[in-house]
Amino acid sequence: MERTELTSVDEGKRVLNADGTAVGRLVRVDDGYGYVDPDPTIVTTLRAKLGFRPDGTAAHPLDAGSIEEITDDAVRLRGTL
């Protein structure tokens with residue numbers, strides 16, 4: 001069964017459109033909503049992977065309905081961001 005609900009474990013993963021194009025990184029998860037930074041710096045990515053949580057004000061919100069599947073290294077969307 002494919003997992004589509006985001007958790008803090010998913011922070012730092014790449015976010016991919018349905019066609020496989022990378023559109024950013026998941027930098028924060030709050031109450032099931034993810035926040036995607038479309039142009040993260042390496043520092044932002046590492047901080048997300050280590051559990052430091054940015055405020056997400058510059059990030060795009062993402063809900064479970066937009067997610068096709070979550071793998072070990074990426075969040076794949078149903079469409080585009």
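## Strands, a loop residue and a charge over a ring

The charged end of R28 lies over the ring of Y35, at 4.4 Å from the ring centre. This structure is a predicted model. Here a charge counts as sitting over a ring if CZ of Arg is within 6 Å of the ring centre and within 35 degrees of the ring normal.

What about rings beside rings? A pair of aromatic rings is described by the distance of the centres and the angle of the planes. The count of aromatic pairs here is zero.

Now the loop. Which loop holds D31? D31 sits between β2 (22–30) and β3 (33–37). Its backbone has a positive phi, near 50 degrees, and D31 is not a glycine. Is D31 buried or exposed? D31 is exposed, because its relative accessible area is 80% and the cut-off for exposed is over 50%.

The table sets out the two pairings.

| Strand | Partner | Sense | Bridges | Residues that stand opposite |
|---|---|---|---|---|
| β1 (residues 14–16) | β6 (residues 74–77) | parallel | three | V15 and V75 |
| β5 (residues 67–70) | β6 | antiparallel | three | E69 and R76 |

So how does the chain pass from β5 to β6? A hairpin of three residues joins β5 to β6. In β6, V75 faces V15, while R76 faces E69.

Conventions. Residues numbered from 1 in each chain as written. Predicted model: local features only at pLDDT ≥ 70, side-chain atom pairs only at ≥ 80, totals over all residues. Heavy atoms only, no water. Helix = DSSP H or I, 4+ residues; strand = E, 2+ residues; numbered from the N terminus. Buried < 20%, exposed > 50% of the residue type's maximum accessible area, 1.4 Å probe, protein only. Phe/Tyr/Trp six-rings, centres within 6.5 Å; stacked < 30°, edge-to-face > 60°. Pairing = 2+ DSSP bridges.
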